[in-house]
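I am opening the notebook on this model. The entries below follow the order in which I looked things up.

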Amino acid sequence: MSKKFISIILLIGAILMFLPYWFMLIVSFETIEEASSVPPRLFPLNPITNNYKEIFIKLDFARYFLNSLFVTLTLVFSQIFLCSLAGYAFARLYFPYKNAIFLIFLSVIMLPGIVLLIPRYIILKNLGLINTLTGVILLEIFSEFGIFLYRQHFLSLPIEMEEAAIVDGASIWKILWHIVMPLSKPITLSFGLLVFIYAWNLFLWPLIVITSPEKRTLPIAIALLQGQYFSNWGVIMAGGIIASLPPIILFLFTQKSFIEGIAFSGLK
Amino acid sequence: MSEQIDGIKAQISAFEKKYPNIKVKLEHVPWEEYWTKLQTMIAGGDCWDVFTMDNGFYLKDYVAKKTIVDITSFIEKDKIDLSVYPSGILKLHNINGRYYSLPRDYDTIAMYFNKKAFDELKLKYPDTNWTWEDVKKAAEKLTKKDAKGSVVRYGITADGGALAVSQGFLFPLILSLGGSLVDKEGKVVLDTPPAVEALSFTKELTENGFAPKPGVTSEDLFIAGRSAMNFGGSWMLGYYAQNIKAFNFGVVMLPKSKLGKRATISDSLGNVIWSKTKNLDAAWTFVKWMAGKGAAKILGKTGTVIPAYKDADKLWVQGFKKFGKEKDARVFIDSVKFTNPWPQTEGASEWFDRWETYYIVEFISGRLPVEDGLRQAVQEINDIIIKAKEE
Amino acid sequence: MREPGGIKRSIQGLYFFLFILLSLIFALLAYYIPFGISFKLALSKYDAISPPEFVGLKNFKKILQDKIFWISLKNSFLYTLYVVPASLVLSFLIAVGLNQNSKFIRTLRVFYFVPTVTSSVAINFVWLWFFNPEYGLLNTVLGLLSLKKIYWLTDPRIALFSLALVGIWGSLSYNIILFLAGLQNIPITYYEAAELDGATKKDILLNITIPLMTPIIFFILIMQIISTVQMFESVFIMTRGGPGYSTYTIVYYIYRNGFNWFRMGYGTALSWILYFILLILTIIQFRFQRRWVYYE
């Protein structure tokens with residue numbers, strides 16, 4: 001397969017992947033009439049910026065943005081910290097019935113989250129954390145996804161480097177943070193990115209816990225733009241586009257470090 | 001309710017001005033998640049003191065589970081005059097002789113039509129003398145196909161689906177043919193001859209190509225000028241008035257049946273009080289006010305939904321002057337004389353989906369014969385209702 | 001899965017406990033305690049309004065005879081069968097393709113990344129639009145090719161499949177990101193050595209890349225199966241389980257029981273059945289991993 005052929009296929013794939021987003025973009029600049037036109041347009045005839053203006057004027061936008069940012073960044077950093085610790089423990093350290101414990105950790109995602117809504121609400125209520133962003137965060141810190149990911153990743157690293165460090169007298173803590181983690185930049189960046197997206201888009205749980213409008217996060221604010229009978233899709237798409245920008249920007253930043261990862265060799 | 005939120009906020013400020021010792025905190029939740037949140041809160045022992053209820057769908061269930069305060073005694077004590085609300089609408093707030101909310105708003109169904117399409121074929125616009133036969137004849141003439149034979153404009157559609165939509169088309173049709181939807185015991189009676197006739201009529205229109213097959217959104221078709229007659233609710237008038245620029249449209253009352261009967265159907269929202277509220281008096285004061293003249297006037301001016309209070313609905317009509325559509329708005333108000341309440345049962349949320357997304361689709365596609373299928377449907381629906389009652 | 005040689009087991013054990021301690025605490029709070037409450041609810045008749053009433057295993061007995069339960073379960077697994085293999089293979093191949101350093105490729109990556117960041121409300125609306133039989137993009141394209149209209153979401157034979165298309169599309173970028181990270185952890189020296197030995201691109205792919213990626217592939221396989229079986233949002237927004245029951249997935253059925261039909265006890269019991277099915281499935285996969293997953 002020539003490189004060119006692959007490039008073309010990838011290009012077509014990229015267009016297909018991007019198509020829905022493209023339409024979101026288009027609709028966000030359209031009036032309702034144009035947005036429901038038949039057949040749907042590829043480009044707006046009379047683009048308007050009203051939809052975006054409405055979002056910034058109507059919504060208390062800056063506040064919701066900051067709320068989302070607070071929740072998201074807290075979760076990103078706490079999850080990276082906790083999951084790398086636990087992932088390393090499961091990958092490298094001896095403990096009786098370790099794999100059974102791991103499966104117990106993993107099994108938390110096997111119960112559909114919606115049946116946990118009521119029990120969790122009851123727990124938060126007893127802790128007095130209803131209508132707090134802290135309540136939202138506390139219940140999202142644990143991530144079996146992250147623990148599993150880091151475990152798999154650490155297992156794929158050759159163990160010799162760590163053993164060499166042990167011979168040199170390093171403690172386990174030091175090995176993790178000064179040797180193993182620096183070698184794990186790509187996976188940490190990917191994981192951080194994915195956590196960012198996940199936390200940024202959290203919807204149902206914050207919706208149930210938060211009652212004061214000023215504590216709302218962005219996805220909730222955008223969902224509220226929907227009317228009961230009909231919605232101004234242009235405004236909703238504009239909201240969706242705005243909400244998607246921080247993760248995209250983050251992605252562009254981490255892209256550079258993805259490349260640095262390739263340079264990693266130096267083992268054998 | 002997002003389009004109404006400013007109106008609601010205005011109502012609340014006016015209320016707080018009148019009753020300075022009562023503070024009202026407003027919480028706004030998207031419709032889909034509303035019920036999830038409500039249930040989660042109630043299960044956790046919380047709830048809003050006052051909240052909005054979808055009387056057509058859920059009132060019976062929530063009343064049966066004793067989550068809502070019976071306000072009949074409050075109404076009597078404060079001597080509330082209930083005649084200011086249309087009688088057909090009031091029924092939706094009353095279960096077994098007791099009241100649980102006061103009407104906040106109502107909707108009715110009427111027929112929107114594309115004037116340009118009628119002009120094109122030099123047909124007279126629909127008027128109040130039309131019957132369903134007239135509609136059928138017009139649908140045939142107004143359906144336009146292109147050279148390849150695909151439909152460019154459908155003669156007839158109904159908001160909320162293609163044509164076979166319960167609220168927008170089927171139920172009013174059945175009612176006008178003299179049929180009922182539920183009997184006195186709260187059982188569904190959709191297997192009567194009027195229902196068979198209504199479904200066969202709808203099926204015929206679809207099979208002949210005058211109406212699209214299930215799966216489309218008729219609102220979009222109508223806006224794009226691809227539907228000549230579109231049955232729809234009062235809630236769409238504002239949306240259409242603001243966004244339809246390519247052609248003129250009108251609104252006419254639903255047609256009469258061969259029995260000479262005209263019928264439309266309504267749902268109504270009301271504010272209910274949580275049975276475990278710690279602020280019963282304040283809650284009642286608020287509910288009373290929100291269903292009163294002052295609040296209705298504020299709501300009416302927003303031009304979003306029709307307030308239930310007498311004469312406040314005229315304000316809703318006036319809101320359409322700026323679009324030149326007051327005559328059309330009047331049609332919805334006038335229709336309330338012929339309205340019937342949405343059939344209230346227990347377990348409505350469970351059986352209605354089954355009815356709308358399965359049975360109707362099967363009937364229209366011909367996969368299920370209408371008469372036998374209706375009997376089967378009614379059996380299944382009533383089983384669901386009985387099960388819901390027992391739980 | 002060797003332990004690092006040279007450290008006493010007791011010390012390893014201590015560190016193990018300390019390292020998982022915080023996670024354990026949060027897991028208790030967010031999962032295990034709610035699990036306990038939820039399991040009690042599964043054994044109860046509960047409408048989420050009045051207090052729950054203990055009924056023992058009655059819910060579970062009802063489930064076995066519940067025709068809709070079996071349909072939903074089947075739909076969920078069918079959906080998973082449509083989505084997971086296709087998604088894994090496609091995203092792997094695309095990740096390999098995107099694992100190059102050219103500016104062109106790096107720009108392309110952003111487009112593949114976009115589905116993950118789009119909010120589900122907006123994206124499901126766009127797909128609803130694509131699927132619209134009258135003027136949606138898909139049928140418009142079919143029309144241009146003189147093909148008949150497809151009723152993507154209202155034909156009971158293909159509605160589930162249409163949702164699967166959305167599912168594949170949405171899952172690709174997530175997997176691509178993870179695969180890319182895994183690919184970039186493969187030392188470039190391995191490739192260089194192989195090329196020196198005269199290996200073809202195909203050899204390298206089959207004998208170096210894929211084996212080294214098996215830990216990540218295993219991870220994605222397990223996680224994706226678990227989450228795909230639980231697919232809910234697309235049904236909720238696009239089809240509401242219709243037409244008929246053809247897109248009723250198990251979690252959608254659980255949701256309706258618990259939050260629309262006042263049957264929270266029954267819905268919770270349904271969830272626990274799903275839980276055990278997924279647990280057994282995962283344990284089986286873990287047993288099998290020795291055969292194909294390669295750890296250093």
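I began with Phe169(B), which counts as buried because its relative accessibility is 0%. I took buried to mean under 20% relative accessible area, exposed over 50%, and partly exposed in between, with a 1.4 Å probe and protein chains only.

Ground rules: this is a predicted model, where local features need pLDDT of at least 70, side-chain atom pairs count only at pLDDT 80 or more, and totals for chains, interfaces and linings use all residues. Residues are numbered from 1 along each chain as its sequence is written, chains are lettered from A and ligands numbered from 1 in the order in which they are written, and side-chain values use heavy atoms, with hydrogens and water left out.

Aromatic pairs. I paired rings of Phe, Tyr and Trp (its six-membered ring) if their centres lie within 6.5 Å; planes under 30 degrees apart are stacked, over 60 edge-to-face, and the rest tilted. In one of them, Trp132(B) and Phe169(B) have ring centres 5.6 Å apart and planes at 85 degrees, so I logged the pair as edge-to-face. Trp132(B) is in helix H7 (residues 132-142) of chain B and Phe169(B) is in helix H8 (residues 166-176) of chain B, so the pair ties together parts 37 residues apart in sequence. Helices here are DSSP runs (H or I, at least four residues), and strands are runs of E of at least two, numbered from the N terminus. Trp132(B) also counts as buried, at 6% relative accessibility.

Charges over rings. My test was NZ of Lys or CZ of Arg within 6 Å of the ring centre and within 35 degrees of the ring normal. Arg151(A) has its charged end over the ring of Phe102(A), 4.5 Å from the centre. Arg120(A) lies over the face of Tyr31(C), 5.0 Å from the ring centre.

Chains A and C. How many residues does the contact take from each chain? I found 104 from chain A and 101 from chain C, with contact meaning heavy atoms within 4.5 Å. The two chains bury about 10,000 Å² between them, 78% of it on carbon and sulfur atoms. Buried area is the accessible area (1.4 Å probe) that two parts lose on being put together, summed over both. In chain A, Met17(A), Tyr94(A) and Met110(A) lose the most area to chain C, together 8% of what that side buries. I counted zero salt bridges between chain A and chain C, requiring a side-chain nitrogen of Lys or Arg within 4 Å of a carboxyl oxygen of Asp or Glu.
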